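Please look over the structure below with these short notes at hand. They are written for a first reading.

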Amino acid sequence: MPTVVYVQPDGTREEIQVPVGYSVMEGATMNGIAGIEAECGGACSCATCHAYIDPAWADRLPEMEDIEDAMLDSANERRETSRLTCQISVTEELDGLTVTVVPPY
Ligand code: FES
C-alpha cells in the first residue's frame, strides 16, 4: 500500500499508508491529520484540504482541473505548489508522496 507523508508546518512528519484509489485528503481525514479539514467532503468546493506538494512530486501528479484551479484562488496562501488534496487519487506510483499542510490563519 502506498505511503503518503504529511508534514505539519512545524516540520512534524507522519507517514500514513493510504489505499490505492483513495484521495490524499481521505488518507488525512481517516487518520486524524491536523490541518486538512475537508469541509465539503471532497466535492472541490471548500479548499480546506489545501496543501503544498513537495516540488519533487509536483510533476508526477495529474494535471489540475479548472475547478480546482478556481477553488485554489480562494484558498489562503496559495503557492506554486498548492493543490487540493481531495483531487489527488493515491496510486502505487505516488508511494512516498509528500505534502505539507498549510498553516492555520
Ligand atoms: S475537501 Fe473541499 S475542496 Fe477538497
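1. Cys44 is partly exposed, because 16 other C-beta atoms lie within 10 Å of its own, and a residue needs 20 or more to be buried and 12 or fewer to be exposed. This is a predicted model. Cys44 belongs to the loop between helix 1 and strand 3.

2. The phi of Cys44 is positive, near 60°, although Cys44 is a residue other than glycine. In general, most residues other than glycine have a negative phi.

3. Ala38 lies in the loop between helix 1 and strand 3. Ala38 is not a glycine, yet its phi is positive, at about 55°. With 19 other C-beta atoms within 10 Å, Ala38 counts as partly exposed.

4. Ala34 is found in the loop that runs between helix 1 (24–29) and strand 3 (50–53). Ala34 is partly exposed, with 13 other C-beta atoms within 10 Å. Leaving aside residues up to four places away in sequence, Ala34 touches Gln8 and Val101. Between the C-alpha atoms of Ala34 and Val99 there are 13 Å, and the two residues are 65 residues apart along the chain.

5. Five strands form an open sheet in the order 2-1-5-3-4, and the pairing is mixed. Strand 2 (13–17) and strand 4 (82–84) are the edge strands, each pairing on one side only. From one strand to the next, the twist averages 35°.

6. How many bridges join strand 1 and strand 2? Strand 1 (residues 3–7) pairs with strand 2 over five bridges, in the antiparallel sense. Within this pair, Val4 stands opposite Ile16 of strand 2.

Terms used. Residues are numbered from 1 along each chain as its sequence is written. This is a predicted model: local features need pLDDT of at least 70, side-chain atom pairs count only at pLDDT 80 or more; totals for chains, interfaces and linings use all residues. Two strands pair if DSSP finds at least two bridges between them. Helices (H or I, at least four residues) and strands (E, at least two) are DSSP runs, numbered from the N terminus. Axes are lines fitted to C-alpha atoms, for helices over the stretch in contact, and angles run from 0 to 180 degrees between N-to-C directions. Two residues are in contact if their C-beta atoms, placed from the backbone, lie within 7 Å.
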